[in-house]
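Here is a short briefing for a first look at this structure. Start with the view below, then work through the topics.

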Amino acid sequence: MHLKYKIAGGDFSNAGNAASSVKKILKQLNIAPLTAKRIVVALYEGEVNIVAHAWSGIINVTIDSERIAIVLDDAGPGISDIEQAMQEGFSTAGPRVREMGFGAGMGLPNMKKNTDSMTISSVPGRGTKVELVNYLDKNAY
Amino acid sequence: MHTKTEETYFHHALKVLDEVCIGCTHCMSVCPTGAIRILDGRAQIKEGRCIDCGECYKACPVHAIIVEQDDFEEILEYKVRVALVPSVLIGQFPGKIPASGIYSATNELGFTHVYEVESTVGYIHSAYDNEKQKNKNRPLISSFCPAVVRLIQVRFPSLIGNIIGVKPPIDISALYHRRQLQAEGYQDKDIGIFYVTPCAAKIAAVKSPVGEERSPVDGVINMKFMYNRILQILQKHPDLGQNAMDTGHVAADGILWCLTRGEIAGRNGRALAIDGIHNVSEFLEKLENEETDRIDFLELRACDESCAGGILISGNRFLTVERLNKRAAGYRHQELKPDWQILNREDISLDTIRPRPMERLDNDISKALAKMERKRRLMCYLPAFDCGACGAPTCQALAEDIVQGHAQVSSCIFMQQMMVKTKTLSVEHALAITAKIWGENRLDKDCSKSGAEDENS
């Protein structure tokens with residue numbers, strides 16, 4: 001099954017819609033709650049990243065009976081040093097944004113923690129592509 | 001005592017009276033779990049989805065939804081007849097009727113003892129602090145409202161671990177007073193404990209308990225019934241209890257416990273109180289996505305204004321809250337200190353609560369995926385008006401019913417029109433389908449309907 005979501009950069013009030021929609025579908029597919037929760041948390045982080053940093057983005061979700069693959073593809077500033085961005089606490093956010101409670105530098109590490117595999121590729125000035133894969137636990141209950 | 005367990009049996013306190021139901025869609029559209037369908041011109045409740053919140057009861061224009069209750073005469077089977085009353089019972093009476101009068105009238109009705117449910121909140125304060133160390137999930141969610149616990153079981157199973165493992169006041173008080181009476185020399189079999197309930201969910205909680213093997217409550221009395229009987233007695237004996245002290249052991253925080261913010265009043269850390277089942281659902285959605293910053297404690301109640309808004313409360317909920325606030329303000333009773341000789345930690349802790357996920361399309365993921373794809377394809381055609389004319393609350397609910405084999409595409413009246421136009425369905429067949437959902441002769445002229453020419457005759 002294939003799902004596609006368009007994300008508008010800067011639209012914080014709608015950030016989380018893709019995650020909510022996927023969550024609803026995972027419940028209907030009888031995915032174990034904790035597995036579903038990891039997927040939704042990772043997707044939510046990725047969605048917020050697009051809203052916060054990029055100009056626009058597209059999220060493609062493919063689900064089969066074994067796994068769920070999520071590709072977050074954005075048009076945005078890109079990441080020049082991915083290794084650095086993956087470190088906990090690293091953030092490009094300025095002090096004023098941090099004061100507001102954003103930019104703690106936990107987004108990407110938290111996504112990694114909640115997925116079975118995660119790959120990032122980026123072209124600075126063009127955009128970033130994040131691919132997440134989670135394997136589905138069949139014995140949900 | 002009731003020993004039916006949740007695995008084998010779901011008890012529901014809300015029932016539809018077939019002969020009264022007019023088959024409108026009011027209940028169906030307010031149900032927070034999509035548990036209602038219309039078939040043969042009557043509302044039908046899907047047992048696995050119902051959480052006994054009572055929204056349908058409030059919405060029904062003809063009082064076709066009833067709350068099942070125990071026969072009052074059952075109290076006579078016991079020598080010691082205990083009425084366990086929540087503080088909202090007092091709140092709905094006019095301020096000039098003292099609590100002692102209300103309790104004396106309750107005795108007149110045949111109860112040998114009257115205890116306030118919230119007399120044991122001292123145990124809960126202590127147990128919450130203990131639980132905070134034991135359960136590292138945040139926020140901890142109160143187990144107070146049984147409709148909320150059931151909502152989490154069916155719609156938010158991933159949050160079950162957040163439910164605080166402490167029994168609600170009704171169970172702790174029932175156990176406490178049973179033990180006390182036994183200590184006074186009464187035989188267990190002679191003690192009957194009857195809870196006077198402001199809602200349907202508490203009845204369901206007693207009849208099929210969640211997180212405990214059996215309920216320590218023997219029977220449940222509808223608060224509307226009690227309210228009427230107490231007023232009848234007080235009309236005959238207006239001086240009843242006038243000179244008595246306000247009885248009981250409930251302290252000010254106990255009086256306010258069942259109202260909104262009652263539980264979070266004494267909590268440290270970041271605590272939120274949310275009332276109204278749709279508000280609660282909305283917040284739990286956010287919580288499940290981890291969209292909320294760290295919150296320590298959530299008090300969630302199904303009814304607007306919490307128990308003051310219970311469906312079996314006769315008084316206005318805002319006036320009830322006002323009276324209870326006044327009562328608490330002028331109240332000097334000492335809180336009953338927890339006595340761990342009478343109840344131990346184990347007595348007041350909840351067992352594991354099991355999920356009852358209702359949203360899954362199939363247990364087998366491959367089958368569920370196939371059904372999901374078919375559902376999404378169907379939604380390309382269904383009009384998404386959510387008119388309810390098919391007997392399901394939304395087009396999505398109809399699509400789900402279709403993939404589960406409980407309905408057909410032609411259940412949708414707009415799809416029927418398209419099928420008649422393309423000659424894949426005859427007009428007669430379309431009308432027959434409508435009659436199956438809404439009942440025979442449903443489209444005939446009938447001036448006795450509400451708002452029609454002869455509505456009251």
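V71(A) stands opposite E131(A), a residue of strand β5 of chain A. This pair belongs to a predicted model. The strands involved are β3 (residues 67-75) and β5 (residues 127-135) of chain A, which pair in the antiparallel sense over 9 bridges.

**The sheet of chain A**

- The sheet is open and has 5 strands, in the order β1-β2-β3-β5-β4 of chain A.
- The pairing in this sheet is antiparallel.
- Its edges are formed by β1 (2-8) and β4 (117-123) of chain A, and each of these strands pairs on one side only.
- On average, neighbouring strands of the sheet are turned by 10 degrees against each other, direction ignored.

**Strand β2 of chain A and its partners**

- β1(A) and β2(A) are antiparallel and share 7 bridges.
- H2(A) stands opposite T62(A), which is in β2(A).
- β2(A) is also joined to β3(A), by 8 bridges, and these two strands run antiparallel.
- V61(A) has I70(A) in β3(A) as its bridge partner.
- A hairpin of 3 residues links β2(A) to β3(A).
- Which side chains of β2 (residues 56-63) of chain A point to the buried face? They are G57(A), I59(A), V61(A) and I63(A).

**Where chain A meets chain B**

- The contact takes 22 residues from chain A and 20 residues from chain B.
- On the chain A side, α1 (17-28) and α2 (33-53) each supply at least two residues.
- The largest share of that side comes from α2(A), with 7 residues.
- By type, the chain A side divides into 13 nonpolar, 5 polar and 4 charged residues.

**The largest nonpolar core**

- The largest nonpolar core has 151 residues.
- L84(B) and A200(B) touch the most other members of this core.
- α2(A) gives the most to the core, with 9 residues.
- Beyond its neighbours within four places in sequence, L84(B) has contacts that include Y115(B), V117(B), I170(B) and A174(B).
- Also among the contacts of L84(B) are S173(B), I193(B), F194(B), Y195(B) and V196(B).
- In soluble globular proteins, nonpolar side chains tend to be buried together.

**The domains of chain B**

- Chain B is assigned domain 1 (14-67), domain 2 (72-329) and domain 3 (365-438).
- The centres of domain 1 and domain 2 of chain B, taken over C-alpha atoms, are 25 Å apart.
- Contact between these two domains takes 12 residues from domain 1 and 17 residues from domain 2 of chain B.
- Helix α2 (residues 55-59) of chain B supplies the largest share of the domain 1 side, 3 residues.
- That side of domain 1 of chain B divides into 6 nonpolar, 2 polar and 4 charged residues.

**A closer look at I230(B)**

- I230(B) lies in helix α9 (residues 223-236) of chain B.
- Is I230(B) buried or exposed? I230(B) is buried, because 24 other C-beta atoms lie within 10 Å, and 20 or more count as buried.
- Leaving aside neighbours within four places in sequence, I230(B) is in contact with I102(B), A105(B) and T106(B).
- I230(B) and A105(B) are 125 residues apart along the chain, yet 5.6 Å separates their C-alpha atoms.

Key: Residues are numbered from 1 along each chain as its sequence is written. Chains are lettered from A and ligands numbered from 1 in the order in which they are written. This is a predicted model: local features need pLDDT of at least 70, side-chain atom pairs count only at pLDDT 80 or more; totals for chains, interfaces and linings use all residues. Domain bounds come from an automatic or database domain assignment. Two residues are in contact if their C-beta atoms, placed from the backbone, lie within 7 Å. Helices (H or I, at least four residues) and strands (E, at least two) are DSSP runs, numbered from the N terminus. Ala, Val, Leu, Ile, Met, Phe, Trp, Tyr, Cys and Pro count as nonpolar, Asp, Glu, Lys and Arg as charged, and the others, Gly among them, as polar. A residue is buried if 20 or more other C-beta atoms lie within 10 Å of its own, exposed if 12 or fewer, and partly exposed in between; C-beta atoms are placed from the backbone. Two strands pair if DSSP finds at least two bridges between them. Axes are lines fitted to C-alpha atoms, for helices over the stretch in contact, and angles run from 0 to 180 degrees between N-to-C directions. A nonpolar core is a set of buried Ala, Val, Leu, Ile, Met, Phe, Trp, Tyr and Cys residues joined through C-beta atoms within 7 Å.
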